[in-house]
Amino acid sequence: MTPWKFLLSFAAAGLPLGSGAQPQLVEVPLPVGQALVRELVAPPRDFIELCSRLKGGRLLAWAFEAAEPLVFTTHVHADGGVKDSETMSAVTAAKGRLVLNGDHIYCWVWSNANGTPVTIRVRWSP
């Protein structure tokens, strides 16, 4: 993803669904050795997915808080499929630590069954 597309994806991630500008999948390059905080919106009756291509050998802590309950899923894209999937229902916050076992795409997904957009604040840290 070019730096320009990266900036556009983050700018669009904060817009409500009605604007027609929010992508459902947002790629997030995570800086090595630095914390990263992002605020995004889960559209009504839809989902938002943040993914990052990460190198193995790192430890990554993550946490989020949502204004309303959401279904939350994490997963890894590896070897041509999805693995290590975990789902939590009706949560407004969660946190975890990932041991990055290989160079893969790691994803965090929020599904919103509500009729209104839900704001989510996400933090990743080394």
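**The disulfide and the cavity**

Author: Cys51 is buried, as is Cys107, where buried means under 20% relative accessible area, exposed over 50% and partly exposed in between, with a 1.4 Å probe and protein chains only. This is a predicted model, in which local features need pLDDT of at least 70 and side-chain atom pairs count only at pLDDT 80 or more, while totals for chains, interfaces and linings use all residues. Residues are numbered from 1 along each chain as its sequence is written, and side-chain values use heavy atoms, with hydrogens and water left out.

Reader: How far apart are the sulfur atoms of Cys51 and Cys107?

Author: A disulfide is a covalent bond between the sulfur atoms of two cysteines. The criterion is a pair of cysteine sulfur atoms within 2.5 Å, and those of Cys51 and Cys107 are 2.1 Å apart. Cys51 belongs to strand β3 (residues 46-54) and Cys107 to strand β6 (residues 104-112), so the pair ties together parts that are 56 residues apart in sequence; strands (E, at least two residues) are DSSP runs, numbered from the N terminus.

Reader: Which residues line the largest cavity?

Author: Rolling a probe the size of a water molecule over the atoms shows where empty space is left. On a 1 Å grid over the protein atoms alone, a cavity is a set of points where a 1.4 Å probe fits but cannot get out, and lining residues have an atom within 4 Å of a point. The largest cavity has a volume of about 40 Å³, volume being the space filled by probe spheres set on the points, and its lining includes Leu30, Arg58 and Trp124.

Notes
Helices (H or I, at least four residues) and strands (E, at least two) are DSSP runs, numbered from the N terminus. On a 1 Å grid over the protein atoms alone, a cavity is a set of points where a 1.4 Å probe fits but cannot get out, and a pocket is an open set with protein on both sides within 12 Å along at least five of seven lines; lining residues have an atom within 4 Å of a point.
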